Amino acid sequence: MAYYRAVGEIPHKRHTQFRRPDGELYSEELMGVEGFSSDSALLYHVGLPTAIVDSVEWEPPGPLSGAVANRPLKPRHFLTHKLDASGLDAVTGRHLLLGNGDVRLSYVAATAASPLYRNAIGDECVYVESGSGVVETSFGALEVGQGDYVILPTSTIHRWVPAGGEGEPLRLFVIEATGHIGPPKRYLSAKGQFLESSPYCERDLRGPSEPLLAEGSDVEVLVRHRAGGTKLTYAHHPFDVLGWDGCLYPYAFNIADFEPITGRVHQPPPVHQTFEGPNFVICSFVPRKVDYNPLSIPVPYNHHNVDSDEVLFYTGGNYEARRGSGIGQGSISLHPSGLTHGPQPGAAERSIGADFFDELAVMVDTFRPLEIGDGGVASEDPGYAWTWSGRHNGS
């Protein structure tokens, strides 16, 4: 994220003496990507961030643990609100819905605080369907709520703390990359500033605004890494950062701040793109005025994006194009490459004359086929594939 921020206390020059009141040096930690050749942040710890006192194996679910191929090939519909939501946290309670070698898509309804966690494989983009809470990180805290995308850079130590009001879980759609997630390059200038043509800008991003200083010793952190998982015990609490600056940090962006791009006729999905990752994109479908050519058909045309599997998470509003399909709040649809998909029968005719769509959805398009995880198998609607024909099980 090439947008500079400075939080807390930092010295005038990098890599120079910066001393505690007792005369000891604060400890620098340079956190950067692409081998010192891209974005970074410089954090100043009270204790040594390198000091660990124990390391034991921790067995997280494998990258595609229990996943099966989409065979026989067909459209799929997953009802995420059917999944277990009792006493889960936002890290260890994730239900894997879909995944491939580039990305894992999971869902969790969290009611408990998560352990401290570091994903050392790739960035995470977490969408908040409902509920509220705080994401505590070594950079500071982010208050999050309905409609927020939360971007957590690779190896950021953090934990999720649901607000827990009236038993309302923190419902999260989790996108775990094997690389970095950021705004599409076409939205940015050569120097990293958002262009006037971008559907959002720096003002819409919320980063930590003050340090989150915590004291403690022998603090456990779960680490997912390229060789599996490890539980590290740190001599000092990782949230002992007095200040930091740079262009690499966690931030939140609310989907309500995405400004839709519209046209006289139906616009293709790239106008909705919000982020990009390695071999996948993330798009936001938000309430918007629709096509204003007098002969336009506002709902999508039948289409077959031959290089992509398309995933849509329906997270608010009304889904006119999907009426009769069983799609509702919390639904996730998978339309794989190899099949043509589009609106439900009758939707095109019904949409003629509409001037506004009240819909809210998050889309993930992947450029390698997705497999179905345990959470997907457990929550699948078996009749979805046949809703275009009106027949049951194709007969």
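Analyst: Ile261, Thr262, Gly263, His266, Gln267, His272, Arg288, Lys289, Val290, Asp291 and Pro298 line the largest cavity. On a 1 Å grid over the protein atoms alone, a cavity is a set of points where a 1.4 Å probe fits but cannot get out, and lining residues have an atom within 4 Å of a point. The model is predicted: local features need pLDDT of at least 70 and side-chain atom pairs pLDDT 80 or more, while totals for chains, interfaces and linings use all residues. Residues are numbered from 1 along each chain as its sequence is written, and side-chain values use heavy atoms, without hydrogens and water.

User: How much space lies in the largest cavity?

Analyst: About 80 Å³, where a volume is the space filled by probe spheres set on grid points joined across faces, edges and corners.

User: And how many cavities of 30 Å³ or more are there?

Analyst: The search of the whole structure finds 2. The second largest cavity holds about 40 Å³, and its lining includes Asn119, Glu124, Leu152 and His158.

User: Changing topic, which residues are closest to the centre of the second largest pocket?

Analyst: That pocket has about 400 Å³ of space. Of its 25 lining residues, Phe285, Pro300, Leu312, Ala321 and Arg322 are the closest to the centre. A pocket is an open set of points with protein on both sides within 12 Å along at least five of seven lines.

User: Which strand gives the largest share of that lining?

Analyst: Strand 26, with 4 residues; strands (E, at least two residues) are DSSP runs numbered from the N terminus.
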